[in-house]
Amino acid sequence: MDIVTYGNPVLAKPASPVAEVTPELHQLARDMLEAMYAADGVGLAAEQIGRTEALCVIDVPAASQGRFAELDAGVPMPLVMFNPVVSEPEGTQRGNEGCLSFPGVSAQVTRALSVRVDYMGEDGKNYSVRVHGLLARAVQHEVDHLNGVVFVDRLSPTQRMLVAGKLRKLKREAK
Ligand SMILES: [Zn+2]
């Protein structure tokens, strides 16, 4: 399963909601998890493999959650989310962010420190969880993807200038 990179128009497309978790979509989620682990990522959205279903997968290890590990202990991991919607942002965090579709590019991005996310799980049931810290960052990043938004869209003009050369190169070599 190839991960598409910046310049591929699918990354700017809003995803389509999923009505039910068919066996095919169940398998797609499993394949996306495999691709994410193989690439050493903590999240992957369907757009990143050239699909437009509203589906993303996330796995943030408890060890990376620091002071939030206990608060988020009840969140099932890996997170497989269909039709995720983020709401009720609280606080802010600024931290380094990268993306499997932007190899070699990273930048400081401001995100909410904590958000609520409502989604349909692999079992077709609806869930609502509150997430914090790095996990909240990953959720916001992946849900952005499903809205056709990538993390460089959230950079300031100055930050954008700093990565412009790398972005041009990625666009030239887009797959
Ligand atoms: Zn990404």
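**Ground rules.** What I have is a predicted model, so I took local features at pLDDT of at least 70 and side-chain atom pairs at pLDDT 80 or more, while totals for chains, interfaces and linings use all residues. Numbering starts from 1 along each chain as its sequence is written.

**Entry 1, overall layout.** I looked up the secondary structure and got three helices and five strands. These are DSSP runs numbered from the N terminus, with helices being H or I of at least four residues and strands being E of at least two. Along the sequence the pattern reads α-β-β-β-β-β-α-α. The radius of gyration is 15 Å, close to the 16 Å of the globule rule for 175 residues, so the chain is as compact as a globular protein of that length. For my own record, that radius is taken over C-alpha atoms, and the rule is 2.2 Å times the number of residues to the power 0.38. The C-alpha atoms fill a box of roughly 45 × 35 × 25 Å along the principal axes. Among contacts with a separation of 6 or more, 68% join residues 24 or more positions apart.

**Entry 2, burial.** My cut-offs: 20 or more other C-beta atoms within 10 Å of a residue's own means buried, 12 or fewer means exposed, in between is partly exposed, and the C-beta atoms are placed from the backbone. By that count, 34% of the 175 residues are buried.

I traced an open sheet of five strands in the order β1-β2-β3-β4-β5, with antiparallel pairing. β1 and β5 stand at the edges with a single partner strand each, so one side of each has no neighbour in the sheet. The twist averages 30 degrees from one strand to the next. I call two strands paired if DSSP finds at least two bridges between them. β1 and β2 run antiparallel and share three bridges; alanine 45 has cysteine 56 in β2 as its bridge partner. β4 and β5 (residues 126-132) are joined by seven bridges, with aspartate 118 opposite serine 128 in β5. Their hairpin has five residues between the strands, and glycine 124 there takes a positive phi near 80 degrees.

α1 lies across β1, β2 and β3, running at about 40 degrees to β2. Angles like this run from 0 to 180 degrees between N-to-C directions, using axes that are lines fitted to C-alpha atoms, for helices over the stretch in contact.

Just after α2, glycine 148 has a positive phi of about 80 degrees.

α3 is hardly covered, with one buried residue among its 16. I also found a bend of about 55 degrees at valine 163, taken as the angle between axes fitted to the seven residues ending there and the seven starting there.

Lysine 166 comes out partly exposed, because 16 other C-beta atoms lie within 10 Å. What does lysine 166 contact, leaving aside its neighbours within four places in sequence? I get Gly104 and Val105. Lysine 166 and valine 105 are 61 residues apart along the chain, yet their C-alpha atoms are separated by 7.0 Å.

The peptide bond from methionine 77 to proline 78 is cis, omega near 0 degrees. Proline 78 sits in the loop between β2 (55-58) and β3. Aspartate 40 isn't a glycine but has a positive phi of about 60 degrees. I placed aspartate 40 in the loop between α1 (23-38) and β1 (43-45), and it counts as exposed with 7 C-beta neighbours inside 10 Å. Glutamate 88, also not a glycine, has a positive phi of about 50 degrees. Glutamate 88 is in strand β3 and counts as exposed, with 11 C-beta neighbours inside 10 Å.

Key:
Contact = placed C-beta atoms within 7 Å.
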